[in-house]
Amino acid sequence: MPNLDDIRDEYAFLDADDRYRLLIDLGRALEPMPDALKTDATLVRGCSAAVWVYPTVRDDGTLHFLADSNAAITKGIIALVLLTVQDRSPADILATRIEDALAPFDLRNQLSSNRTQGIPNMIALIRATAERYAA
């Protein structure tokens with residue numbers, strides 16, 4: 001996966017259709033999430049599409065998230081969110097202003113409201129996970 005800064009730079013120069021394609025490509029590049037992990041317990045509430053997020057703790061204490069969606073653009077949005085927190089310590093995740101990192105993408109104005117309504121819930125779930133594992 002490219003880093004968030006590279007994606008942000010590319011995104012700024014794209015028209016609306018190409019932005020959709022970029023998001024879809026980011027979603028396709030997500031690490032596969034096994035179907036067995038797509039349960040009611042990992043389902044993010046409040047999303048118009050089905051979104052699952054499964055956290056794991058690595059040996060070094062960093063958090064690694066597996067995520068998926070049944071909607072291609074939503075899956076791309078998940079990829080953007082994960083780029084801000086993936087494989088970081090719980091303390092780093094809690095210190096990260098995820099919304100600020102995503103602000104340059106202007107997702108609320110670029111996409112329909114039903115595509116973006118679940119973003120705060122995804123972020124809240126990631127923060128709650130980081131809080132549980134923060135030492």
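These legends describe views of a predicted model of one protein chain.

**View 1. The fold of the protein chain.** Eight helices and two strands make up the secondary structure of the protein chain. Read along the sequence, the pattern is α-α-β-β-α-α-α-α-α-α. The radius of gyration is 14 Å, close to the 14 Å that the globule rule gives for 135 residues, so the protein chain is as compact as a globular protein of that length. Along the principal axes, the C-alpha atoms fill a box of roughly 45 × 30 × 20 Å.

**View 2. Inside and contacts.** Of the 135 residues in the protein chain, 41% are buried. Now take the contacts between residues at least 6 apart in sequence. Of these contacts, 60% join residues at least 24 apart.

**View 3. Surface and charge.** The protein chain exposes about 7,000 Å². Carbon and sulfur atoms supply 49% of that area. The protein chain carries 14 positive and 20 negative charges.

**View 4. Ala72 in helix H3.** Ala72 belongs to helix H3, which covers residues 72–85. The relative accessible area of Ala72 is 42%. Buried means under 20% and exposed means over 50%, so Ala72 counts as partly exposed.

**View 5. Around Ala72.** Which residues does Ala72 contact, leaving aside its neighbours within four places in sequence? They are Leu23 and Ile24.

Technical notes
Residues numbered from 1 in each chain as written. Predicted model: local features only at pLDDT ≥ 70, side-chain atom pairs only at ≥ 80, totals over all residues. Heavy atoms only, no water. Helix = DSSP H or I, 4+ residues; strand = E, 2+ residues; numbered from the N terminus. Rg over C-alpha atoms; globule rule 2.2 N^0.38 Å. Buried < 20%, exposed > 50% of the residue type's maximum accessible area, 1.4 Å probe, protein only. Contact = heavy atoms within 4.5 Å. Areas by Shrake-Rupley, 256 points an atom, 1.4 Å probe, with all protein chains shown as cover. Lys, Arg positive; Asp, Glu negative; His and termini not counted. Charge placed at Lys NZ, Arg CZ, Asp CG, Glu CD.
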